[in-house]
Amino acid sequence: SAQHGPPSRRRVPPAPGAMDGPPEPPVPPPRRISGRSQHSCIGDHPPFQALASVASHSAVEKEDSWLEVASHGSIMADVRRRARGSSSDEEAHGDGEDESESDFDTSSDSSTSSHGGRKQTRAATKASGLSRIVGNRVIMVPFRLAVTCPIALAMLFTCLGSGVPLTTVFWVACRGILRSYKSSVQEQRTLINTLVNETSQSAFQSVLLSIDDDIYRHVVAPPDRALDSLWGSMRLMHSKFHISQDLPEFTDVIQYSAWVELADILEVDGQELPARASSLYVVRNTDLLAGASISHTGSAGKELQPLLYSAPPGVNGGPVTMSVYTASASTGEKGEFVGVRTFKPTKRPYYEIQEKLSKETQEARAGWTRLYDFLIPYEEGVQKRWGLSKTRPIAYCKKYSCFEGIIAADIMLETVNVACQRAWEGLRKTLSNPTYGFFNVDGNNSAVFIVTSRSRYYPGDEGILIGTSNAAGNQDGTTFTSASQSANPIVAKIANATLERYPSWSAVQDSPRPVLFAFSDDGSDCVAMPDADDVPDGCTQVAMRVFKLDDSLEWLIVVGLPTKAFTQNASATRDSINATVIDQESEASHNYHKMIVIFLLVMVFMTLLSVVVGLLIARSVSEPLKRLGKRMHRLENLDTSDRTFNSHRGRFVVTEIEEVNDGFQRLTRSIKGFALFVPETVVRNMLSGDRRKRGLHVDSRVVTIMFSDVKDFTTIAESLQPPDLILTLYMYLTEMTRIVELFEGVVSEILGDGLLVFWNTPNDVDNHAAKACAAALAQQSALGTLNGQLSGRNLPQLSIRIGVHTGKVLAGNIGSETKMKFGCIGDPINLASRLEGLAKYYGVSALISGATKALLPACDFGVRKLDLVQVKGKREPTWVYELLGSLASPPPGSSPTSDSTRPSPSASVAAVPLLAATPERCKYARMYEEALNAFHQARLADAASLADALLRERPEDVAASRLLERARRPRGPQDPPWTPVLQMTEK
């Protein structure tokens, strides 16, 4: 059956391309699955690899130009033209139908899905009543709607015609009254907003003035008084006693005078000052230093701890050593030695500020330093204390020309914090009374703080946080930071909102009234004092006031509160006024509303009554029609499970409708029987209403064809009685058909013991080549269970051969004017049949073509490249492959997995086991392919050696035996040129 021969002794180089035959169909490019590059593991030269499941690939088929589908419109148009041209009787004896009703399909849309026609049919039959033609359009109207709507509309128009004029006249009379009430409401709102605004302005003004007063009394006034007192003592010593200011006696007098002045200040305002020290001291140009400081000690901060310190003049401009002693709290006498510190006083900020002032003016004047860390008072374990100092020059001539040193008084930052805290506590107490609705103010939504807004000599200090109402959460007295970077969230938020509205802190101008603005949580503006109902949550009201310490230094006092702090109680008042106005408005419009309600109730009642009457009339007719329509829709899918044909709902039955029901029941039974002889898909397409599916119609489609046959069926049939033969065929065909249809195949014909199956026709099927191969493997796997059932009935065991090919065919309704069948025409059908016969020649169960193999998802099926074969009737050779099994089938007992090659219901298909390609079979396949590759490269000795090695391990391999026979066959000089192509002479 095959023509081939051994090579001649003198090797003749094969012609280009003759060695390997035609190239294999293109293989999809490798893809990455589970981190590995995918190739077809068996049947290609790349090494074998494990595969993902068939379902892991989408329905993207790699079809080259040879698989492109041409429009079938030109095919059927040509057939129609030629058929009518050759038949003189056709046009003369036409049935009067429109050309669109012809048996020949001239539509150019070959890809129209049956679902489209089904939806159109459903839409066309959904209305079981009247239809009205408007132009060329038919408007479908449900029967119930056609009966009910005219009745309801007539009643509705009657009510509207009488009620609308009456309500219009009444509304004109009431409109003037309603307008006046609305104007009154608006005036009340404006008045309330004005009151709230004035109240908030007054409250902020009070807080700012309170802080202003506290700062003056505790920050500005004490240093001024201390400086004036000590300066007076120094002038007295200079003018009356002529004490040399470099002598030890001068140092003692300065220390005592400083202690006395500090004690007097504490005695007056001690209960209001924080538990931190303030200092008063003198620094000479010679770096001589003398002074005193007093700290509050003890757990309650009420015990005084005076300190006296002094330093002799420096030597050669070097640093001096300051000695620190305790002093008596009652007399100020020097006590125990505490320690020393070494530094240069004339390099400290309190001395530098006077040097800066001396460069601007000749007149001696006082000035404030920037914030800096104190070295005085001396305390063990304390690294830094932050504050600022007020200084005045020692110039007895009142000019800087006789400048001899400075007098300085220190103020700790805690003093400023106390002033802010006192103001915040007062504001909190004010807002907690009933006037403001007991509004809760805490450290999370409000703050009072002070920042440096302008510093002439230290512009970099602008924005530095001086003090806050929540010092514990922002400053501990040992550091300072900018307000926008404060650790206190509300302080930082207010500072950043201020800088978004002003270019700098110095841009805030001083004014008699507080500077106000309001912002929301996202930083955007919100109206400072809006209507109480419109104040958003998270809106913060900010008020600012400039505090001027001197010409070179200004602070900015900032107060931030929730805007609703002042509007909460005011909103209640506004609501009360609005309620009064609304009551009056309601009184005026009560009669109008009452009239409208009565009119609407009457209109609704009459309309509903008319609708109920119409529905009762229409229901008796529409319900049977509706049930019949549902049965028709189910029939499109061949669903004949409805058992309610004869179940009459109600006593009233329309005779004509019941006759239609009986006729449809008979039609359903006929179609159900018809579907047993014709593929169900074809029947569904015919029922969908697509005219093309009812006449001669073909599409040019790429289709996967399967031929299957039972091995040695003739022998089996001869050994069985007719009943047993029929039972065997019934059980076999039932199982095989079930598997094919689960994988979306269409059984076109039952060829005795065989099946002719199509994929991708008449409807599109994704991954049709892969599904056909999966069905072939499922059929082989199902033979085990089927043979067990046959054995239990004493019937013979069955085995099958399968051939699968993919190609372009003409698929559709084929036949004559009077008789038609669904099928496919084309050379691929013959090739698929030849492949089924070749399976017997190679001793394999399933054989696929190279075209089918090219469309399989990479590495999902195990295949073995068998040979390059020229079947009978074909000029071109074809690569053929053995389908070994699935490389992705789940192991027994595992749960089903998703598979894109399997149709719904997915659970049923996933439960179908596929024949698996075992590692042993894959190993033998690679050994065979190595021998085949050597044979196609004309290395016959190598091919024979490799095939012989395979047969020693697997003697039953028929394909290997055939290959060994061809490799060893001798050739004579008269033999034709050697070719690796196997030429089959029989079918």
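**From value to term**

Me: Why is Ala483 called buried?
Reply: In this predicted model, Ala483 has a relative accessible area of 0%. Buried requires a value under 20%, and Ala483 therefore qualifies. The residue lies in the loop between α8 (471–474) and α9 (489–501).

Me: With which residues is Ala483 in contact, leaving aside its neighbours within four places in sequence?
Reply: The partners of Ala483 are Phe449, Val451, Gly463, Leu465, Val491, Ala492, Ala495 and Trp505. Each counts as a contact because heavy atoms come within 4.5 Å. For Ala483 and Ala495, the C-alpha atoms are 5.9 Å apart, with a separation of 12 residues in sequence.

Me: What makes Asn794 exposed?
Reply: The relative accessibility of Asn794 is 72%. The term exposed applies over 50%, so Asn794 receives that label. Asn794 sits in the loop between α15 and β23 (800–815). Its phi is near 60°, a positive value in a residue other than glycine.

Me: Is Cys859 buried or exposed, and how do you know?
Reply: Cys859 has a relative accessible area of 2%. Since the limit for buried is under 20%, Cys859 is classed as buried. Cys859 belongs to the loop between α17 (850–854) and β26 (861–870). Phi of Cys859, too, is positive, near 60°, and the residue is not a glycine.

Me: What share of the residues in the protein is buried?
Reply: Of the 987 residues, 46% are buried. The protein has 21 helices and 28 strands.

Me: Why is α14 described as roughly antiparallel to α15?
Reply: Helix α14 (residues 722–742) and helix α15 (residues 768–792) pack at an angle of about 150°, and their axes are 10 Å apart. Angles over 145 degrees count as roughly antiparallel, which is why the term applies to α14 and α15. The crossing of these two helices is right-handed.

Me: Which residues make the contact of α14 and α15?
Reply: Helix α14 contributes Thr728, Met731, Tyr732, Glu735, Met736, Ile739 and Val740. From α15 come Ala775, Ala778, Gln779, Ala782, Leu783, Leu786, Gln789 and Leu790. By class, the contact holds 11 nonpolar residues, three polar and one charged.

Me: What makes α19 roughly parallel to α21?
Reply: The axes of helix α19 (residues 919–936) and helix α21 (residues 958–968) cross at roughly 25° and come within 11 Å. Roughly parallel covers angles under 35 degrees, so α19 and α21 meet the criterion. Their crossing is left-handed.

Me: Which residues of α19 and α21 meet?
Reply: Tyr928, Ala931, Leu932 and Phe935 of α19 meet Ala959, Ala960, Leu963, Arg966 and Ala967 of α21. Eight of these residues are nonpolar, none is polar and one is charged.

Me: How many aromatic pairs does a search of the whole structure find?
Reply: The search finds 10. In one of them, Tyr351 and Phe403 lie 5.8 Å centre to centre with 55° between their planes. Stacked needs under 30 degrees and edge-to-face over 60, so what remains is tilted; the pair of Tyr351 and Phe403 is accordingly tilted. The two residues are 52 apart in the chain, with Tyr351 in helix α6 (residues 349–358) and Phe403 in the loop between β13 (386–393) and β14 (405–412). Both Tyr351 and Phe403 are buried.

Me: Why is the pair of Tyr841 and Tyr842 called edge-to-face?
Reply: The ring centres of Tyr841 and Tyr842 are 4.9 Å apart, and the planes stand at 85°. Centres within 6.5 Å make a pair, and planes over 60 degrees apart make it edge-to-face. The pair of Tyr841 and Tyr842 is therefore edge-to-face. Tyr841 and Tyr842 are also buried.

Me: Which residues do ring pairs link into a cluster?
Reply: The cluster joins Tyr281, Tyr350 and Tyr372.

Me: What makes the peptide bond from Thr761 to Pro762 cis?
Reply: Its omega is near 0°, and the bond is cis. Pro762 is located in the loop between β22 (754–759) and α15.

Me: Among contacts between residues at least 6 apart in sequence, what percentage join residues at least 24 apart?
Reply: For the protein, the figure is 67%.

Definitions and conventions:
Residues numbered from 1 in each chain as written. Predicted model: local features only at pLDDT ≥ 70, side-chain atom pairs only at ≥ 80, totals over all residues. Heavy atoms only, no water. Axes fitted to C-alpha atoms, helices over the stretch in contact; angles between N-to-C directions. Helix = DSSP H or I, 4+ residues; strand = E, 2+ residues; numbered from the N terminus. Parallel < 35°, antiparallel > 145°, perpendicular 65-115°, else oblique. Left-handed = near helix turned anticlockwise from the far one by under 90°. Nonpolar A, V, L, I, M, F, W, Y, C, P; charged D, E, K, R; others polar. Phe/Tyr/Trp six-rings, centres within 6.5 Å; stacked < 30°, edge-to-face > 60°. Buried < 20%, exposed > 50% of the residue type's maximum accessible area, 1.4 Å probe, protein only.
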